[in-house]
Amino acid sequence: MSKKIHDVIIIGGGIAAHTSAIYTARASLNPLIISSIEPDQLSLTNEVENFPGFPKGVLGPELVKNAKEQAKRFGAEYIEGLADSFKKNDKYFEVGVEKNNYKARTVIISTGASARRLNIEGEDKYFGRGVSTCATCDAALFRDKEVLVVGGGDSAMEESLVLYKFAKKITIVHRRDEFRASKIMQDRVLKLKDKINVVWDSIPTEVLGETLVNGIKIKNVKTNEESTIKCDGMFLAIGHNPNTKIFEKEIKLDKTGYIITGSRSKTNVEGVYAAGDCQDPIFRQAITSAGSGCKAAIEAERYIEHLKAKGEYK
Ligand code: NAP
């Protein structure tokens, strides 16, 4: 185990983590950022049109990459790896990353959230063989093919718009009779009637295929009527689960696993803050993630000052 005690460890690799890194690095706290190789949500997004300061929009991956470079310019140190344990000691916190252990006086958790799965028959078997949770990553594989998009939120609209450039036909399957997506996104999708159609009040029940997906069984939840849609792929856009498992012993989570923070990004443990999607079941926007990363960083800086003032900074 490394003997060094860092002032701040930031766990995560999205816009919240990089924003915390920029602020804490500029405050001379020499943050260590532990990021897994799994891409953050914004890096899986295409065009971001609502991040202030970019009148023509900005690509999600570019925004994240630039934020990371900005943090590095102020001395933030990045290591790649999956944080797999978290422990609170008397004077510091320990974060395990595979076989290594890192210590810090404060920790900012920005571990994000991962795409939810349906848990239906055939879904695991055909994951990567037609079943996907990321159109930005996989849409090009479905050129001139027929695909299903499952969900009725902004992500489902966005996935459909990405797929529209490649696929021959897109069927959105939604479990209710109205979308929850923002009006602007719905309007964009619903006017593309040449390729996109919607099956309302329905849920997928089984993924069919041979080597690759060749159809999805669906059920109308109002009539219980079952049918099969012939298609080559299924994109899931049914929300996300927060990546908070390793914190559940020490940090208070809500019943769906999101870290409970107050308005100041504080968790129930002094010195531990949370930012971004892992603590936000409601807004989940790039700008709110960045904002919470900023708040967490300022609170961490204040906490370090407080330790120094009390003579407890060792
Ligand atoms: P979301 O808003 O939670 O929508 C998830 C959708 O999946 C809902 O329509 C939900 O149905 C459906 N669903 C959930 N579980 C399901 C299940 N087991 N079977 C079938 N359907 C299921 O998630 P999201 O679309 O990922 O968006 C999350 C947040 O990110 C939102 O705040 C959104 O505005 C934001 N976002 C914004 C943009 C943008 O502005 N361009 C893009 C992407 C995401 P119900 O509607 O019936 O609950």
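Which residues are buried in helix 1? The residues in question are Ile-15, Ala-16, Ala-17, His-18, Thr-19, Ser-20, Ala-21, Ile-22, Thr-24 and Ala-25. Here, buried means under 20% relative accessible area, exposed means over 50%, and partly exposed lies in between, with a 1.4 Å probe and protein chains only. The structure is a predicted model, in which local features need pLDDT of at least 70 and side-chain atom pairs count only at pLDDT 80 or more, while totals for chains, interfaces and linings use all residues. Residues are numbered from 1 along each chain as its sequence is written, and side-chain values use heavy atoms, with hydrogens and water left out.

Because 10 of the 12 residues of helix 1 are buried, the helix is largely enclosed by the rest of the structure. Among the elements that cover these buried residues are strand 1 (5-11), strand 2 (32-35), helix 2 (60-73) and helix 6 (286-309), where contact means heavy atoms within 4.5 Å.

Most residues other than glycine have a negative phi. Just after helix 1, however, Ser-28 takes a positive phi of about 60 degrees. Asn-30, in the loop between helix 1 and strand 2, has a positive phi near 45 degrees. Asn-30 counts as exposed because its relative accessibility is 51%. Asn-119 also has a positive phi, of about 60 degrees, and is found in the loop between strand 9 (113-115) and strand 10 (131-132). With 68% relative accessibility, Asn-119 counts as exposed.

Polar contacts are pairs of N or O atoms within 3.5 Å. A polar side-chain atom of Glu-158 lies 3.2 Å from a nitrogen atom of the ligand, and a polar side-chain atom of Arg-175 lies 3.0 Å from an oxygen atom of the ligand. Taken alone, the ligand exposes 910 Å², and the protein buries 78% of that, by the Shrake-Rupley method with a 1.4 Å probe.

Note on methods:
Helices (H or I, at least four residues) and strands (E, at least two) are DSSP runs, numbered from the N terminus. A polar contact is a pair of N or O atoms within 3.5 Å; within protein, one must be able to donate a hydrogen and the other to accept it, and residues adjacent in sequence count only if both atoms are side-chain atoms.
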